[in-house]
Amino acid sequence: MKKPSIKFKKTSKSKKEVTKGFDQSKWIRGFTIAAVAIWIFYAFIVDLLPYVVADFFQKWLPATTVNESLVWVICALGLNIVVGYAGLLDLGFVAFWAIGGYCAGWFMSDFFHQVNIHIGSMAPAEQPGIHLSFWAVLFIGALICAAFGVIIGAPTLRLKSDYLALVTLGFGEIIPQIFFNGENIGGFNLSNGSKGISPVDNIGLFGKKLGPFDLDWKYLIFVSLAALMVFISLRIRGGRLGRAWLAIREDELAASMMGVPLMKSKLAAYAVGAFSGGIGGVAFATHVNGVFADRFSFAISIILLAMVVLGGMGNVWGVIVGALSISWVNSTGLPAFGETVNSALGTNINFPSYNFLLFGGILVFMMLYKREGLLPESRLKQILHEADDTTSNIGGH
Amino acid sequence: MGNTSARFSARLLIERASASIIIGLVFFWLAVNLVKSPSQFFQASVIGISNGVLYALIALGYTLVYGIIELINFAHGDLFMLGGLFAATFISVWFGQETPSTTGYGVFFLCLIAVMGFCATINVAIERFAYRRLRRAPKLAPLITAVGVSFIIQFIGIRWNGSGPRTWNSVLPAGEFVISGVHIPYTTIISFAVTIPLLVLMTFIVTKTRRGKAMRATAQDADAARLMGIDVNKTIAFTFALGGALAGAAGLLFQQTRGVTNYNLGYQLGLIAFTSAVLGGIGNLSGAVLGAILIGLVQGLNDGLPIGLGQQWSQTVVFTILILLMVFRPTGLLGKPMVEKV
């Protein structure tokens, strides 16, 4: 709460102030050191450790969990742009994840066996289907998702915030259902229906083939993608577009009066958010070596939202912490904890079934007691508690 | 100035034209089906309308709550699911009634009262402990809370019912009668017999009683209502109780007429019911009923007609309606256009 007005004046004038909150060189150095340290640990050190320690890591933090968490981080950062920066509640983010995943399925496998297209792929040339390089698919998936973000956003931006949430939710239901029923759309097999598309091609990196079990090298790719999303998030936030988003989040009407183009800014938020959803989707498809329609459930959208809310809406580092911790709990922490408790006490409690309670509880608890998240963004904290000072507006218009 | 108005009217024209085309296509689809197989058409309509009255009970809960505190109560559908579980436990486990009999009917009516009370209590408790504290917070906060509450209730559903669907025997008679080739099950008649008095009762409460007057006043302007001596908190709690009771009744009817309970039913039906409420114009009570019957009809026709997308696209059809509605008529069929208050 220290003198926000002075800060604001400066923001509009000098670039220094804009970048002050996150010294560019500093975070890149820190991020790289942490990322490389983890890589060295999993690629080299963990095999040298005594059996007990290695076993501990295998149980509580296997390399595959680390990689999966990074995919969640990428998607959560995308959702953070929509929810945290622009203040638009998106309950259907799973749609972008699904579209990204199916881009990998379409362009990196022998699914379209009618044709035989090979561009920069590691797959053998005689294999039918469309085989593009992983990097090209990443780009294509992200662009297709961004286009879908605009398509979804365009008709709904006239709506009030709570309607918007429902419409995005509707898209989040429709798109997975299209993939699920997509075995025969007018005679065309779009998605292989509930069987899914598997396997997808290996990633080619410096002439190496990265299959589903080359976790260390894929970790490097995923962590760089996450770094890219962090970079994009931080850079845009400091720029004109980011400031427009924050203004819309804080007071839409005032922002439009000050000349912020509402439609353009909101569409951009959707597009950038969806872009990262596409990257996450492609990465996840290579992680699990396929796309499966029944994985894209509403729960994913809610888990992503819980990550953003837990960490602190609008704060990139908070969202990363939220995403890492929740995805760890979901994929490894809860089952491993349950196993330990059950074997110690001789009980038979199904701990993973408690995840609904956990995520619901996180959302409710955070909203009631710590709306700004664990690592709050200072600016958002002020807004979220602004109304607490007045007692007059009880209806909450 | 002239430029903007020209652009505006062009947009309006495109909107009108595409809306008319969509409506025309829907009527064409209906007409083709009617000509092709009239009995199937009416059969699908009967199923659709009997679904629709169920949706109406749930949709009213959304519309009541939205009307008074402008919150989309995400957890409302799950409350309906909980009502179904309570009804199944009450009738089949506690009272051991699994076949149609006089005792069975008695227990059914006893259960109707119990389940309405049960769901009303839970809804009031949710409002008291979760939403009330957030009434002055930015809109995002109560909405996210509602999503969280929905997940917590689904967790209770998983604990209570298991992670898959469970089937139950109904105490309602299973037969049907036939009017010129259209089969009408007795359960449909019973659904109507339960729903219509409830709707009449609710309309009476909202339009004729003091409490109803207080509700309408709070919906219009909570501050002014408070200055006039209305206990706003109590009124809002009463609204939640009313919505919860209707959801409970819907849960009982669903469980008894379909014989199925599942923890995620509330999520699916809740979204359909919400779409109905929006279709009718959210905040408008008769709109919610109209919207629910229309949605039920569309869904029934889509699932049952010879030329239709079929059941696996049911959700997609409903959400497409929701999205088209948002594009062309966000205020719904009976809603009034809203002006943003500054």
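Leaving aside its neighbours within four places in sequence, which residues is Thr63(B) in contact with?

## Thr63(B) and its surroundings

The answer is Ala277(B), Ile282(B), Gly283(B), Asn284(B), Leu285(B) and Ala288(B). Here, two residues are in contact if their C-beta atoms, placed from the backbone, lie within 7 Å. Thr63(B) itself belongs to helix α2 of chain B, residues 38–69. Helices (H or I, at least four residues) and strands (E, at least two) are DSSP runs, numbered from the N terminus.

Thr63(B) counts as buried because it has 31 C-beta neighbours inside 10 Å. The cut-offs go like this: 20 or more other C-beta atoms within 10 Å of a residue's own means buried, 12 or fewer means exposed, and in between is partly exposed. Thr63(B) also sits 8.7 Å from Gly243(B), C-alpha to C-alpha, though 180 residues separate the two in sequence.

## A word on the model

This is a predicted model, where local features need pLDDT of at least 70, side-chain atom pairs count only at pLDDT 80 or more, and totals for chains, interfaces and linings use all residues. Residues are numbered from 1 along each chain as its sequence is written, while chains are lettered from A and ligands numbered from 1 in the order in which they are written.

## Chain B as a whole

Chain B is built with twelve helices and four strands. Of its 342 residues, 48% count as buried. Its C-alpha atoms fill a box of roughly 70 × 60 × 40 Å, taken along the principal axes. Look at contacts in chain B between residues at least 6 apart in sequence, and 78% of them join residues at least 24 apart.

## Where B touches A

Across the two chains, 43 residues of chain B are in contact with 43 residues of chain A. On the chain B side, α5 (140–161), α8 (222–227) and α12 (314–328) each give two or more residues. The largest share, 13 residues, comes from α5(B).

By class, that side of chain B has 27 nonpolar, eight polar and eight charged residues. Nonpolar covers Ala, Val, Leu, Ile, Met, Phe, Trp, Tyr, Cys and Pro; charged covers Asp, Glu, Lys and Arg; the others, Gly among them, are polar.

## A covered helix in chain A

Over in chain A, helix α10 (residues 240–250) is mostly covered, with eight of its eleven residues buried. Among them are Trp245(A), Leu246(A) and Ile248(A), along with Arg243(A) and Arg249(A).
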